[in-house]
Amino acid sequence: MKIKVCGIKDLEQLKELNTLGIDYTGMIFYPASPRSVLESLKAEEVKALKLPAQKVGVFVNDPVEEVLRQVSEFGLDVVQLHGDETPVFCNQISDHVKLIKAFRIGETLTEIDRLVKEFEEVCDYYIFDKGSMGVYGGTGHKFDWNVLQDAEINKPFFLSGGIEYEDLEGLEKFHHPYFYGIDINSRFETSPGIKDIQLVKKFVQEVQSFHNAMEL
């Protein structure tokens with residue numbers, strides 16, 4: 001199970017989180033987000049970091065040129081699109097960098113197969129998050145993971161949306177052939193964009209311990 005820590009906006013925390021064994025570090029480039037890095041991180045400082053975890057930039061409805069500019073300036077390894085981007089748009093981005101496409105799961109939405117089908121050829125990963133009408137980015141709340149259990153998803157995907165330390169048991173019981181990783185954010189913070197490093201460390205250790213036990 002891969003671990004992505006999203007919503008990082010402090011350079012020292014970005015460095016420290018990369019000592020914990022996580023796989024992806026997420027930085028948000030959406031100006032309306034309280035976790036936006038646009039005013040808090042310097043591109044040249046982030047780009048200069050040689051980190052074990054892949055650097056993910058999260059964008060919402062930005063032009064292709066703007067996304068690719070930030071990829072270059074920040075040295076991003078992966079782009080996550082969390083808006084209303086079309087398959088054509090995704091294809092333009094994935095020609096240049098690995099791509100995660102986010103899908104917002106509403107209260108009544110169950111047609112996951114239809115939702116993801118047209119994106120299969122134009123991205124590398126999916127991420128499923130709790131959705132809310134007119135709201136972009138995460139809501140900090142969970143959706144019913146069971147809607148994914150029998151869905152025909154043919155791409156590695158992350159679970160996201162209000163995941164907290166207490167969800168470990170549920171995550172260990174969740175199974176899907178393409179379940180790839182989890183995305184944690186607001187439930188591991190002391191304030192928006194500032195992570196509780198010790199809680200993240202404890203969570204990562206528990207996940208790693210579970211997987212080591214499974215391999216025995």
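The lining of the second largest pocket comprises 6 charged, 5 nonpolar and 2 polar residues. Here Ala, Val, Leu, Ile, Met, Phe, Trp, Tyr, Cys and Pro count as nonpolar, Asp, Glu, Lys and Arg as charged, and the others, Gly among them, as polar. The model is predicted: local features need pLDDT of at least 70, side-chain atom pairs count only at pLDDT 80 or more, and totals for chains, interfaces and linings use all residues. Numbering starts from 1 along each chain as its sequence is written, and side-chain values use heavy atoms, with hydrogens and water left out.

**Second largest pocket**
- Its volume is about 200 Å³, taken as the space filled by probe spheres set on grid points joined across faces, edges and corners.
- Of the 13 lining residues, Gly83, Lys101, Phe103, Leu115 and Phe119 are the closest to the pocket centre.
- Strand E5 (98-105) and helix H5 (112-117) are the elements that give two or more residues to this lining.
- E5 gives the most, with 4 residues.
- A pocket is an open set of points on a 1 Å grid over the protein atoms alone, where a 1.4 Å probe fits, with protein on both sides within 12 Å along at least five of seven lines; lining residues have an atom within 4 Å of a point.

**Strand E2 and its cover**
- Strands (E, at least two residues) and helices (H or I, at least four) are DSSP runs, numbered from the N terminus.

**Partners of E2**
- Strand E1 (residues 2-5) runs parallel to E2, joined by 2 bridges; strands pair if DSSP finds at least two bridges between them.
- Val5 has Thr25 in E2 as its bridge partner.
- The chain passes from E1 through helix H1 (residues 11-17) to E2 in a right-handed β-α-β crossover: with the strands pointing away from the viewer, the path from the first strand over the helix to the second runs clockwise.
- E2 also runs parallel to strand E3 (residues 54-59), with 5 bridges joining them.
- Gln54 in E3 stands opposite Tyr24.

**Gly162**
- Gly162 sits in the loop between strand E7 (157-159) and helix H7 (168-173).
- Gly162 is buried, at 10% relative accessible area.
- Ala32 is 130 residues away from Gly162 along the chain, and their C-alpha atoms are separated by 19 Å.

Definitions and conventions
Buried < 20%, exposed > 50% of the residue type's maximum accessible area, 1.4 Å probe, protein only.
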